[in-house]
Amino acid sequence: MNDMRIAERATHVSTRKISATGVQVHYGDTHAIKDVNVEIEDKTVTAFIGPSGCGKSTFLRCLNRMNDTIDICRVSGQILLDGEDIYDPKVDPVQLRAKVGMVFQKPNPFPKSIYDNVAYGPRIHGLAKNKADLDDIVEKSLRRAAIWDEVKDRLDAPGTGLSGGQQQRLCIARAVATQPEVLLMDEPCSALDPIATAQVEELIDDLRQKFSVVIVTHSMQQAARVSQKTAFFHLGNLVEFGETGQIFTNPIDPRTESYITGRIG
Amino acid sequence: MVFAVAAIGFWAARNRAMTSADGDSRALHSLPNYYGTNAALSAIVPSLAVLALWLIMQPLLIETSVSKLIPDAAISEDTTRSLMMSDVRRIAHGLDTAIAEGGMTPDEATGLRSELTNLRERLASVGVALGSDVQAEVLFAAQKYRMMTRRASLYMMFSVLTLAMIGAAYAWSRSDKDFRARNIVEKAVLALLISAASIAILTTLGIVMSMLFETWNFFGQYEATSFFFGIKWAPDFRGDSALGILPLLWGTLYISLIALVVAVPIGLFAAIYMSEYAGPGLRAVAKPLIEILAGIPTIVYGLFALLTVGPALRDYFAQPLGFSGGADSVLTAGLVMGIMLIPFVSSLSDDIINAVPQSLRDGSLGLGATKSETIRQVIIPAALPGIVGAVLLATSRAIGETMIVVMGAGAAAAQLDKGLLEAINPLEAMTTVTTRIVSQLTGDTDFAAPETLVAFALGLTLFVITLGLNVLALYIVRKYREQYE
């Protein structure tokens, strides 16, 4: 908890992956997201922080159109993934979600074997040519999620039998196996103990090599530890967005400073 | 009366408890009403228990003492003691009726002698028919019976009331502010719940025991091997019946199978649509509509099978294909029974699918799966144990169904001895175990003949099969349930 290596953080300036402009979200009569503009870069970890109910999870779910599954939710504004509007009628949300994977707050392994959990995405999208190829994808994904050594001898055991931390890493492996370009994580460590949290954080840092990662978190230390960019949401507004080091050491907006120092939230 | 005592006890005990606490209910151990309830229970429970016991014991005791009054010599050859006793009861009852209607005075009734030969006519005039003229011994016994019954009823009323008052008074005397009335009431509630549970269990046991007993009788008269392995069902009352269960069992399983083939896919798909695709408005309308199917009496389904489905199948399906035969067929009964089972499958499956956590759906959708892929590969496997349970429940229901079979598939047993083609032809008339039980027991039958007793053996076999299915269903549901979480 005390390795706040903020100052010497290296920021990788690279291509723009997702750019959101003027995003508004309504849940029935509630105006949940108000005019948010965010640029998410490739091979970068972007953290969304803010008090509960500030809309950060809602905004995250806009990025792979998971909000489509909620009837009363309406999204307007423009979200571009690699320059293409993901809310364009021509875009298939199913295809989009294959490109923008998601890991949820609560570990949610399917009631299947560990192997089948990881192989689920590749099977659906036809990513493997044959059984050997699929085996390879499963192993690579489990290794990426730093859980291979723990489960390699029991790939046929049900995924629901693992511990909470293992389940969450299994879910990350499952998301990685689909070979997404962006990985969205909605408070991935909120159900985990500190040791499992540390493992997942290490993993997130590692995943940055290949993907663009967006993580929603309640823990400011976590945001500071794993991210290069941080966005602070408050009451549905994007208050401040910038380099993680700058947000945590030298926030511009007084609300950000109040939140980071623990005075609002 | 007992309840009046209980009400008084309730009020008195409540007041006494309040007084003991100087009218401040906070000083009481329990709420005031608990003291009242305790008193009411103390009045009601023992007295009603005695009442119940008395009502069971009284006839037994009186019968034994009265039946001693009839000497063996008075029992003529064509009758038995128990028949004489029923005469005694009839006469005693007749005397009561006669007095009630003013045809006799009470003194006259007790003083009657059989010399008054018009007793039969006099009783007949108040609506009590006697088979023959009354013997002196029987009349005497009847008068004795009547007196004892009246006296016993009086004693009973007295003792029950006394007991109620003692109970109420005892509870009243114990009601003060430290008395733990609340705990006593708690125990009474527990006892009530336990007795309700044990009644259900004991009844099941009782049913099984009575079936076992009759089945034992049956196997005393008919060989078990030819019952279980006989392939011919041809009962007659001349004593040379073939009572093989296999044709009936085949009919049962075949019809149930067709019913399930109809009900499971339709029910399951309806459930999936309802829980995953339908909007809340549609769901609110459609779900009750489907469940209405479950509320239709099976006899109405039977009519539907008999008048609509049967003839339609015969005219538009069987005859064009070159099959002859009547409107009764396995297919008719199976189809209609399948329709009956749809709500069972759909309603249970719907609940089970709804119980699958939303996080699993999100997980699958978040990986880029389509809705139907999610349902096929995640939701159905997660809900499978419950769905299997629902299907097995529907199977039990199908196996036990009678009315639809009688009206849709007829009452003639499958003819397994006529070759395979006859046996598996769905347009043949066939019948099931339940239907045969009804036909074996209804009508003018001899209750000692194997043709009648076979009904019990059939019933027991059926019971064992459905019990096995239920146990299997429970086992499956339990074994795989933990995978949900």
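Two strands are said to pair if DSSP finds at least two bridges between them. Keep that in mind, everyone, as we go through this one together. What you see is a predicted model.

Let's begin with strands 9 and 10 of chain A. Strand 9 covers residues 229–234 and strand 10 covers residues 237–243, and the two pair in the antiparallel sense over 6 bridges. Since two bridges are enough to count as pairing, these strands qualify with their 6. If you'd like one bridge to look for, find A:Lys229, whose partner in strand 10 is A:Glu243. What do strands 9 and 10 of chain A form? They form a hairpin, with 2 residues between them. In that turn sits A:Leu235, which has a positive phi of about 50°.

Now, please turn to another part of chain A. Here 4 strands make an open sheet, and the pairing is antiparallel. In which order do they lie? The order is 2-1-4-5. Strand 2 (30–41) and strand 5 (84–85) are the edge strands, each pairing on one side only. Within this sheet, strand 1, residues 16–27, pairs with strand 4, residues 73–81, over 8 bridges. One pair to click on is A:His26, with A:Arg74 of strand 4 as its bridge partner. A general point while we're here: in a regular strand, side chains alternate between the two faces of the sheet.

Next, let's see how the chains meet. Chain A brings 25 residues to the contact and chain B brings 19. Three residues of chain A, namely A:Pro111, A:Tyr120 and A:Ile124, supply 29% of the area that chain A buries against chain B, more than any other three residues. The area buried between the two chains is about 1,800 Å², and carbon and sulfur atoms give 60% of it.

How many salt bridges are there between chain A and chain B? The count is 1. The side chains of A:Arg61 and B:Asp362 meet in a salt bridge, at 3.9 Å from N to O. There are also 5 residue pairs in polar contact between the chains. By class, the side of chain A that touches chain B has 12 nonpolar, 7 polar and 6 charged residues.

Finally, a few words on chain B itself. Chain B has 18 helices and 2 strands. Of its 485 residues, 42% are buried. And among contacts in chain B between residues at least 6 apart in sequence, 72% join residues at least 24 apart.

Conventions. Residues numbered from 1 in each chain as written. Chains lettered and ligands numbered in written order. Predicted model: local features only at pLDDT ≥ 70, side-chain atom pairs only at ≥ 80, totals over all residues. Heavy atoms only, no water. Contact = heavy atoms within 4.5 Å. Buried area = accessible area lost by both parts, 1.4 Å probe. Salt bridge = Lys/Arg side-chain N within 4 Å of Asp/Glu carboxyl O. Polar contact = N/O pair within 3.5 Å; in protein donor to acceptor, adjacent residues only side chain to side chain. Nonpolar A, V, L, I, M, F, W, Y, C, P; charged D, E, K, R; others polar. Buried < 20%, exposed > 50% of the residue type's maximum accessible area, 1.4 Å probe, protein only.
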